[in-house]
Structures are given as structure tokens and as C-alpha cells.
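Colleague: I'm new to this one. Can you walk me through it?

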Amino acid sequence: MIIYVLIVVVILILWAVVTYNRLISLRAHLKNAWAGIDVQLKRRYDLIPNLVETAKGYLKHEREVLENVIKARSQAISASGVQDQAKAENFLTQTLKSLFAVVENYPDLKANQNMLTLHEELTSTENRISFARNHFNDWTAKLNIAIQRFPTRIIANLFNFKKAEFFEVEDVSMRRAPEVKF
Amino acid sequence: MALTYVEIEQEKSYRIFLLFAILIVFYFLTALILGYILKFFITFRIALSRPSLSIRFTLTPVQILFIFSVSLVAAIIHLRFSLNRLLGKFILRLGAKPLDRKDRYHQRLRNIVEEASVAIGSRYQIRGMVLPTLAMNAFALADFDNNAIIGVTEGLISRLNRSQLEAVVAHEAAHIAQGDCLQNTITCSLFGVYALILSKIRNQLESRGRRYYGRAGAQVMALAVVTYLTLSILQGMARFIKLTISRQREYRADATAVRISRNPLGLAEALYEISRNWRGSGDIGDGLESLFIMNPRANELDESEGLWADLFSTHPPIGKRIKILLDMAHSEIRVLEEKRRAKERLKKARRAAKELPSGRGSWYAHDKEGNWKGPYTLPQLVALSWFRPSSWVYQKGKGKAERAFRNPSLSKMLAKRIRGKAIGNLRCPRCNQCLLEKEYEGTTVYRCMFCGGKFLENDKVARILLREERVFSERILKLAKEMVGKNVKRYTIKRWKKLPKEFPQLKCPSCFKEMRRTFYSLAYPIEVDRCYGCQATWFDKDELAILQCAIENNLAGKKIA
């Protein structure tokens with residue numbers, strides 16, 4: 001009888017170890033994915049001063065747009081935590097969009113070699129951020145599912161594994177239903 | 001489908017193991033056939049000389065074992081050689097070049113490749129490369145150490161816009177992530193070798209065959225023929241291995257590419273563009289077709305449906321691929337065709353717009369012989385071959401003549417030209433002035449600021465010829481037509497024998513060898529100066545523009561003649 005009980009206990013312990021290790025590796029992957037986003041965000045911060053420097057000479061009457069970009073950048077740099085970071089990044093993306101909308105009106109600036117290169121680099125960085133974000137969110141979903149599922153949940157609670165936050169795009173224009181005009 | 005690309009790894013090693021097994025079987029069968037033939041001949045000879053012996057054509061078990069061990073050794077040697085420096089060999093064979101950091105288009109490709117490698121996760125180290133050819137195609141390679149290469153031809157880099165290029169790179173990245181790229185690379189490496197050796201032997205036989213005389217020559221020939229036959233058998237069997245490269249994987253990679261880039265229309269447009277242009281048949285080696293996004297050789301099998309085609313072709317029908325993608329984007333092929341026509345119209349309109357300012361010049365200049373020439377517009381004036389900063393100029397209605405550098409607007413224009421980075425040791429072969437590094441169609445060329453000639457390294461020529469940023473005036477178009485027409489007649493009549501002697505022979509700016517005045521190619525017979533030492537080309541003023549214009553508008557020699 002005791003032997004059976006022992007066997008069950010051993011199996012349970014083995015399961016607990018395996019599950020714990022799985023959770024640990026999921027968390028490590030998530031951290032790695034976040035580092036992937038971080039690299040791309042830094043890349044964008046480094047590009048912005050150059051962009052502002054190039055645009056400054058041409059956009060003498062559009063000071064405000066440039067100042068917004070600078071402000072958004074410094075906010076994004078100082079942000080911490082996934083939610084805050086996401087919010088700051090969304091704001092930065094918005095200001096950059098409005099900057100490029102303004103640039104459209106200045107053909108000289110648009111054709112500037114520096115500007116062309118910077119535009120390409122920023123586009124590339126935006127794409128990379130979005131791909132890295134997909135990656136990060138995939139791992140977040142995996143971790144969250146694992147933590148909330150039934151038997152695994154016990155281990156997760158026992159060792160205090162927390163649900164991870166998603167890196168969300170807070171784009172107002174994406175959320176709003178399109179207007180219909182007749 | 002797996003949730004992340006990192007998860008796609010299964011059954012890869014299994015498939016590769018299968019390939020190795022097939023390879024050994026191949027060698028064994030070939031060796032067996034050869035063994036039987038050999039045995040047959042030997043027995044036959046013995047039977048002829050000593051008819052009393054009984055004749056047995058079958059092989060003994062010991063002989064079969066011997067043949068098996070020989071084929072095993074051969075297979076292992078083959079494996080080691082084909083897997084050693086896998087990517088390097090392909091790069092050499094395809095002639096792929098690393099990306100140029102100073103080139104804007106190349107920089108864009110580098111960025112896109114990096115985006116793709118972020119998108120499929122960090123397992124693979126993906127490098128972008130370029131094939132310096134006018135063809136439009138793209139390929140992917142991967143090896144066991146998770147190094148991967150996405151190669152794109154100059155044609156694709158220059159002619160596709162960003163979203164289309166993103167889609168193509170995403171398609172190649174999908175192949176890499178799904179693991180079928182590795183399988184494909186190895187298959188090509190193992191079985192593509194034969195095609196290469198075969199074509200070499202064929203060339204040797206055709207060109208040198210007649211030079212061998214006597215007994216030694218006959219032996220060499222016999223050896224070559226035997227090798228040729230053996231390899232032919234092997235290649236015939238290698239065709240069957242292509243069964244494992246199913247056309248399904250192209251559909252799958254298309255689907256994954258759409259998942260990555262979220263832009264089915266971009267991929268559809270890219271495929272449409274590729275299918276409308278030269279895809280590199282003849283330029284891209286035998287047996288490598290399955291590496292590319294679209295088969296370089298357009299053939300009927302690819303375009304047909306049914307079980308037979310599904311089994312034996314490497315690529316699915318282009319029409320069907322595009323249609324699937326267009327359905328995803330809720331669009332139709334009609335839209336793509338309309339877009340293409342609109343592009344043509346835009347090009348025409350831009351050409352017309354370029355024409356306007358040329359007639360309205362008001363500047364006159366004093367040439368070397370002391371005559372007043374004009375009227376010119378400012379840019380024309382500055383571009384004149386004899387015009388120097390010290391030349392005398394005169395503007396209509398302004399009264400006095402003055403030195404060019406004294407005039408503020410003129411000196412500004414001249415200064416603009418000098419502002420480029422001067423390359424100290426490169427000098428214009430006509431004016432003996434320093435050549436400046438200039439941006440031209442997204443890449444850099446060396447340009448003489450006085451005569452307007454351009455000096456290009458060999459691999460930059462193809463890039464520039466493909467790119468369409470620059471708009472050409474009607475004058476250039478007319479010149480191009482005239483020149484192509486005239487030169488086609490000349491070379492068909494005189495067969496290249498004598499090109500006009502009146503041109504002085506120029507010295508190559510970089511290696512100082514004498515350059516030869518030749519046609520750019522038989523299809524586009526525009527005269528250029530080419531250095532056969534360093535393969536660089538010197539274009540006199542307008543020659544590059546004329547050549548670009550001829551290629552852009554498809555004024556190939558044959559059509560006009």
C-alpha cells in the first residue's frame with residue numbers, strides 16, 4: 001500500500017518539477033522577447049535627434065511639431081513598465097506621423113538625401129518594433145495561458161508566477177469605426 | 001500552424017536523414033549498373049578468347065559487397081564535399097555579392113532583411129545579398145548552423161517599391177523559418193553538382209574535342225564519354241529527388257509571407273512584376289531553379305495543373321499564386337494591369353514635363369575659339385564640355401560680360417558641383433580633372449564636373465541601368481533610338497571589325513590601362529569605353545542617360561533593326 005502512495009507522490013513531485021521548469025523557461029523567453037523590443041526602441045530614440053536636426057532648417061514655422069516629437073521621445077525614454085512604455089511609444093508614433101505629414105508640404109526637405117535615409121531608417125524601425133511586439137505578445141499569451149490553466153495554475157500560484165501584460169497598440173484611429181458619408 | 005516561428009523545427013532532421021539515405025541508394029544503384037556493364041564486357045572478352053568456359057553474367061555476393069562499400073565511400077566523400085562551406089559555394093556559384101553600405105537601395109534591402117529576421121524570431125542569422133544582374137528574382141539559402149542568406153537581384157531591388165520588396169523578403173524568410181529552405185539548399189548542393197560538371201564536360205568536348213588526335217586523344221575522349229554517361233545516369237536519378245521539393249511549399253511560403261507582412265497585395269504585385277520580366281534564365285545556373293521565388297526558366301510544366309505537374313514541377317502556376325493572393329486582398333488582376341498602364345502614362349507625362357525649360361535660356365558663353373555660343377539655360381551652360389569657371393559669360397539684357405566665377409548664381413552652381421567628395425587619384429580621362437563622388441540613382445558614381453562624363457565600377461552599371469528615378473527628355477529618347485538603330489546596322493554589316501578610329505584612346509582612371517571603345521552589349525549597342533583591366537566603364541556625357549533610356553524603353557537592337 002505504502003509503495004503505491006510513494007509512487008503517486010514521486011509522480012506528483014516529478015510533474016511539479018517539470019511544470020515549474022516550463023514556467024521558468026516561458027518567463028525567460030518573455031524576457032528575451034522584451035529585450036528584442038527594447039533594442040528596436042533604442043534604435044528609434046537614436047534616430048530622432050538626427051531627424052529633428054535635419055528638419056529644423058526647413059520647418060521654421062512648424063516649431064510646435066518638432067517640439068512635440070522631442071517631448072514624446074524624452075517621455076518614452078523615461079517610461080518604465082510595459083503599459084507605460086506602450087503608451088509612450090504610441091504617443092511618439094503619433095507625433096512622428098504628424099511630422100512626416102508636415103514634411104509632405106516641403107518638397108525640398110522631402111528630397112533631402114539625409115531625410116530620405118532617415119525616413120527609410122524610421123520606417124524600418126517601425127516595422128521591426130511591430131514584429132518584435134508580435135513576438136513578445138505571442139510569448140505573453142503562452143505564459144498567461146499556462147498560468148491560468150488548471151493543474152499548472154497550482155504551481156504558478158505556489159511560486160508566485162504573475163500574469164504578463166501585453167504590449168498593446170493604442171491607436172485611436174484604428175479603434176474608431178469608419179465614418180460613412182453620403 | 002505553430003504559434004511562433006521558433007516552434008517550426010520538427011521533422012526537419014528526419015527529412016535530411018532521408019536525403020542521405022537516398023543519396024547512398026543512388027550511388028549503390030549507379031555503381032551496380034556500372035559493375036554489371038563492366039562484368040558483361042570482361043566476361044564477353046574472356047568468352048571470345050576461350051569459348052570453352054561457361055559464361056556467367058551475374059555478380060557474386062562478394063563483388064556486390066565490394067560495389068556497395070565503394071559506393072558508400074563515394075557517397076560519404078560526396079556528402080563531406082557538398083556540406084563543407086555550404087553557403088560559400090552557393091554564393092560563388094550564383095555570383096552573389098554583399099550589400100553596398102553606401103547605396104541607398106541596398107541599405108533599404110538590408111533593413112528589410114533585418115525586419116524579416118526580427119519577424120521570424122532570433123533562431124536564424126539572416127544576411128542579405130545581391131545578385132548583380134538585370135534579372136528579376138530572389139532566392140534563399142540556409143545551412144545547419146542556422147546561417148541563412150536572402151539574395152535579391154539588382155533588378156528586384158531597384159524596380160520594386162518598399163512594400164513589394166518587403167513581401168518578397170517575407171516569402172523567402174518564410175522558407176527559412178519553415179525549414180524547407182535548408183532541405184532545398186542541401187538537395188541542390190547534393191544533386192546540383194552533376195549539372196555543373198556535365199555542362200563543363202560538354203563544353204570541353206565541343207570546343208577541344210577536335211584537338212585531340214591519336215591514341216592518347218582517343219583514351220581521353222573515351223574517359224570523358226564514360227564519365228559523362230555515368231553522370232547522366234546520376235542526374236537522371238537526381239530528377240526524382242525533386243519529387244521531395246513539392247510545389248506546395250511555395251503556396252505555404254506565400255501564405256506565411258502574408259502573415260508576416262500583412263500585405264497580400266504587395267506580394268501579388270511583386271509576383272506580377274517578376275512574371276512580366278526576365279527572370280534570369282540562362283544567367284542562373286542549372287539545377288538551382290528550386291531556390292528561387294519564381295522559376296527562372298518559364299516552362300509549361302510549371303504553368304499546368306494536375307497530378308503530373310504537382311509531382312514533377314518545383315513551382316506552382318504563377319497565375320494561380322497571384323490569384324490566391326489577390327483574393328486575400330479583395331482585388332483582381334485587372335487592377336494590377338491598370339496600375340502598370342498608369343505607370344507608363346506617368347513616365348510619359350514626366351518626360352513631357354522635363355522638356356519645358358530647355359528652350360528658354362538666356363545665357364551666352366565664350367568658347368575656346370573665341371565665339372559667343374548660346375543661348376543656354378544655367379544648367380546647360382554649366383554642363384558644357386568646354387565651360388570652365390574662368391570662361392567669359394554674358395546674359396541677355398544684362399549688358400556686361402563677366403567671368404563665370406564672378407557671377408553669383410553661376411559660381412553657386414559650380415560650387416555645388418565641387419561640394420562632393422573629391423577622389424584624389426581618380427582623374428577624368430578627357431579633362432584630367434579630379435572626379436567627384438556623386439549620388440546617381442541611389443548609388444555613387446565618379447563624375448567629372450567639367451565634361452559630365454561618368455566613371456562606374458562594373459557592378460554598379462547594372463544597378464543604375466535598372467533604376468528609374470531619373471527622367472529623360474525627349475532629346476535623349478530620340479538620341480537613344482537613333483544610336484541603337486544606326487549601330488545595329490553598323491555591327492550587322494561590318495561585324496564589329498572596325499569601330500571609328502577618330503576617338504582618342506582613353507586611359508582608365510583607376511588602373512591607367514588603355515580603355516577600349518565598344519558597345520555596351522549587342523542588344524543595346526551604345527558606345528562606351530570599357531577598361532579590360534579592372535572592368536570599369538567610362539561613360540561620356542549623356543551616354544549613360546542614353547543607355548538607361550534605351551533599356552527603360554526597351555529599345556533593344558533587334559526590334560529597331
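Modeller: Here is a short tour, starting with how to read the numbers.

Modeller: This is a predicted model, where local features need pLDDT of at least 70, side-chain atom pairs count only at pLDDT 80 or more, and totals for chains, interfaces and linings use all residues. Residues are numbered from 1 along each chain as its sequence is written, chains are lettered from A and ligands numbered from 1 in the order in which they are written, and side-chain values use heavy atoms, with hydrogens and water left out.

Colleague: Okay, chain A. How many helices and strands does it have?

Modeller: Chain A has 7 helices and 0 strands. Helices (H or I, at least four residues) and strands (E, at least two) are DSSP runs, numbered from the N terminus.

Colleague: And what percentage of its residues count as buried?

Modeller: 38% of the 182 residues of chain A. Buried means under 20% relative accessible area, exposed over 50%, and partly exposed in between (1.4 Å probe, protein chains only).

Colleague: Which residues make the nonpolar surface patch?

Modeller: A:Met1, A:Ile3, A:Tyr4, A:Val5, A:Ile7, A:Val9, A:Ile11, A:Ile13 and A:Val17 make it, covering about 950 Å². Patches take residues with over 30% relative accessible area and no salt bridge; like charges are joined within 9 Å, nonpolar side chains (Val, Leu, Ile, Met, Phe, Trp, Tyr) within 5 Å. Areas come from the Shrake-Rupley method with a 1.4 Å probe, and for residues only the protein chains shown count as cover.

Colleague: Where does A:Ile11 lie?

Modeller: A:Ile11 is in helix 1 of chain A, residues 2-56. A:Ile11 counts as exposed because its relative accessibility is 54%.

Colleague: Switching to chain B. What is the strand order in the open sheet?

Modeller: The order is 1-2-4-3, with 4 strands and mixed pairing. At the edges are strand 1 (97-98) and strand 3 (138-142) of chain B, each pairing on one side only. Two strands pair if DSSP finds at least two bridges between them.

Colleague: How many bridges join strand 2 to strand 4 of chain B?

Modeller: There are 7, between strand 2 (residues 125-131) and strand 4 (residues 147-153) of chain B, and the two run parallel. One bridge pairs B:Gln125 with B:Asn147 in strand 4 of chain B.

Colleague: What does helix 6 of chain B touch?

Modeller: Helix 6 (residues 162-178) of chain B packs on the sheet and touches strand 2, strand 3 and strand 4 of chain B. Contact means heavy atoms within 4.5 Å.

Colleague: What does B:Glu437 pair with?

Modeller: B:Glu437 pairs with B:Lys102, with the closest N and O atoms 3.3 Å apart. B:Glu437 lies in strand 10 (residues 434-440) of chain B and B:Lys102 in the loop between strand 1 and helix 4 (104-119) of chain B, so the pair ties together parts 335 residues apart in sequence.

Colleague: Are those two buried or exposed?

Modeller: B:Glu437 is buried at 13% relative accessible area, whereas B:Lys102 counts as exposed at 52%.

Colleague: And B:Lys323 with B:Asp327, where do they lie?

Modeller: Both are in helix 13 (residues 318-328) of chain B, 4 residues apart, about one turn of the helix.

Terms used
Salt bridge = Lys/Arg side-chain N within 4 Å of Asp/Glu carboxyl O. Axes fitted to C-alpha atoms, helices over the stretch in contact; angles between N-to-C directions.
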